[in-house]
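Here is a short note for a first look at this structure. Please read the points with the model open beside you.

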Protein chains: 2
Amino acid sequence: MTEFALHPTLAADSYLLGQVGAVQVRMHRSAQFPWFLLVPEDPATELHELPPALRAELQALADRVGRFVLKHWRCDKLNIAAIGNVVPQLHLHVIGRRQDDALWPRVVWGNLQEGPLRAEADAAAVAAALRRAQVLR
Amino acid sequence: MTEFALHPTLAADSYLLGQVGAVQVRMHRSAQFPWFLLVPEDPATELHELPPALRAELQALADRVGRFVLKHWRCDKLNIAAIGNVVPQLHLHVIGRRQDDALWPRVVWGNLQEGPLRAEADAAAVAAALRRAQVLR
């Protein structure tokens with residue numbers, strides 16, 4: 001069995017907040033959005049290729065993260081997507097969007113402007129809040 | 001129980017190919033991509049709000065549509081997303097992307113240029129192929 005190696009772009013763009021089963025919970029470094037990346041440690045590149053148990057784990061986790069995002073940042077809408085045109089390693093975006101955010105109603109992909117980055121301490125505080133809310137467990 | 005009313009933008013942008021349980025299978029009118037819209041007939045606006053049976057039906061259908069798209073149009077990647085910033089009525093995009101398509105590697109949302117539209121007869125032929133492949137059943 002080959003060891004899982006995170007794609008360098010995902011590593012560069014996001015902080016690891018924790019791990020649930022075989023899924024890495026990561027947060028994008030942009031501070032403009034609550035933007036999570038869920039990365040199953042699996043060679044699949046499409047959602048339907050995941051082993052069913054891992055797929056179910058990913059979905060349950062995405063639901064918990066999504067509910068947390070809506071409440072914690074008082075978001076109006078979730079944007080949930082598996083795209084992978086640039087980084088083929090499977091990663092599910094869970095992004096909280098607000099009608100007053102910098103890009104509304106446009107999608108973030110391809111439209112992200114330079115802007116403030118999230119400090120590592122801030123990502124750690126989000127991880128702690130996720131643990132308290134039992135999103136990470 | 002209120003009757004389901006399809007959002008007028010979804011109605012204008014896509015053809016109805018068929019229905020699986022309580023999910024409408026629709027095809028975007030752009031002929032530039034194999035672009036499906038799966039619309040659960042439910043008031044939910046987020047995936048996690050769907051009743052579990054309907055959610056499972058939507059996911060199984062999305063998987064069948066996605067596998068069909070990859071094979072039928074020889075696509076390199078699926079783009080699967082629930083966004084809803086513009087049209088809040090829940091709809092799941094299942095889009096086949098190729099490295100030689102007009103927008104690769106950019107996402108289609110917000111980047112779609114004017115281009116050829118799919119004829120209704122072509123959408124009907126896709127619906128027939130989906131039935132033969134038991135994607136619609």
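This is a predicted model: local features need pLDDT of at least 70, side-chain atom pairs count only at pLDDT 80 or more; totals for chains, interfaces and linings use all residues.

1. Next, look at which residues of helix 2 of chain A are buried. They are A:Leu58, A:Leu61, A:Ala62, A:Arg64, A:Val65, A:Gly66, A:Phe68 and A:Val69. Note that A:Arg64 is on this list.

2. What covers these buried residues? Five strands of chain A are included: strand 1 (14-20), strand 2 (23-28), strand 3 (35-40), strand 4 (77-82) and strand 5 (92-97). Helix 3 (120-132) of chain A is also part of the cover.

3. Check the residue A:Arg74, which follows helix 2 of chain A. The phi of A:Arg74 is positive, near 45°.

4. Now turn to the second chain. In chain A, 24 residues are in contact with 24 residues of chain B. On the chain A side, helix 2 and strand 4 are the elements that give two or more residues. Strand 4 of chain A gives the largest share, six residues. By type, this side of chain A divides into eleven nonpolar, seven polar and six charged residues.

5. Finally, follow strand 4 across to the other chain. Strand 4 of chain A pairs with strand 4 (residues 77-82) of chain B. The sense is antiparallel, over three bridges. A:Ala82 stands opposite B:Ile80, in strand 4 of chain B.

Technical notes:
Residues are numbered from 1 along each chain as its sequence is written. Chains are lettered from A and ligands numbered from 1 in the order in which they are written. A residue is buried if 20 or more other C-beta atoms lie within 10 Å of its own, exposed if 12 or fewer, and partly exposed in between; C-beta atoms are placed from the backbone. Helices (H or I, at least four residues) and strands (E, at least two) are DSSP runs, numbered from the N terminus. Two residues are in contact if their C-beta atoms, placed from the backbone, lie within 7 Å. Ala, Val, Leu, Ile, Met, Phe, Trp, Tyr, Cys and Pro count as nonpolar, Asp, Glu, Lys and Arg as charged, and the others, Gly among them, as polar. Two strands pair if DSSP finds at least two bridges between them.
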